[in-house]
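This briefing concerns the structure shown below.

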Amino acid sequence: MKSPTWDVVLHSDDITSPDVVTYALVRVLDLPPTDALALAMRAHREGSVSAAAFDEAGPAGDVVTGLRYYGLHCELVSRV
């Protein structure tokens, strides 16, 4: 089985509240609220975190676009 080659990396910032980050993760990634909050808090503590991994750049880019719509700082990173 091939491992995902694209990461959506979520970066912490001093402006966006954890509530907004959690809401965006629920809406865009369809995460349960408890998982979204845990991911938001991990990004806050560590500075950045892989929020999702994909085999193709297209769907990963769509997630980045969706998260940016809510004002989140994120980027698409290739593992290759």
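V26 lies in helix α1; helices are DSSP runs of H or I with at least four residues, strands are runs of E with at least two, and both are numbered from the N terminus. The model is predicted, so local features need pLDDT of at least 70 and side-chain atom pairs count only at pLDDT 80 or more, whereas totals for chains, interfaces and linings use all residues. Residues are numbered from 1 along each chain as its sequence is written, and side-chain values use heavy atoms, with hydrogens and water left out.

- V26 counts as partly exposed because its relative accessibility is 23%; buried means under 20% relative accessible area, exposed over 50%, and partly exposed in between, with a 1.4 Å probe and protein chains only.
- Neighbours within four places in sequence aside, V26 is in contact with L31, P32, P33 and A36, where contact means heavy atoms within 4.5 Å.
- V26 and L37 are 11 residues apart along the chain, and 9.0 Å separates their C-alpha atoms.

**Residue D7**

- Strand β1, residues 6–11, contains D7.
- Is D7 buried or exposed? D7 is buried, because its relative accessible area is 12%.
- A polar contact of 3.3 Å joins the side chains of D7 and S50; the term denotes a pair of N or O atoms within 3.5 Å, of which, within protein, one must be able to donate a hydrogen and the other to accept it, and residues adjacent in sequence count only if both atoms are side-chain atoms.
- Not counting residues up to four places away in sequence, D7 touches S50, A52, A53, E75, L76, V77 and R79.

**Nonpolar core**

- The largest nonpolar core has 20 residues, of which V8, L10, L25 and L67 touch the most other members; such a core is a set of buried Ala, Val, Leu, Ile, Met, Phe, Trp, Tyr and Cys residues joined through side-chain atoms within 4.5 Å.
- At least two residues of this core come from each of β1, α1 (18–29), α2 (33–46), β2 (48–54) and α3 (57–69).
- L67 is in contact with V8, A24, L25, V28, L72 and C74, leaving aside its neighbours within four places in sequence.

**Aromatic rings**

- Two aromatic pairs are counted; rings of Phe, Tyr and Trp (its six-membered ring) pair if their centres lie within 6.5 Å, and planes under 30 degrees apart count as stacked, over 60 as edge-to-face and the rest as tilted.
- Y23 and Y70 form an edge-to-face pair, at 5.8 Å centre to centre and 80° between the planes.
- This pair links distant parts of the chain, with Y23 in helix α1 and Y70 in the loop between α3 and β3 (73–78), 47 residues apart.
- Y69 and Y70 have ring centres 5.2 Å apart and planes at 90°, so this pair is edge-to-face.
- Y23, Y69 and Y70 form one aromatic cluster.
- Y23 is partly exposed at 45% relative accessibility, Y70 is partly exposed at 25%, and Y69 is exposed at 69%.
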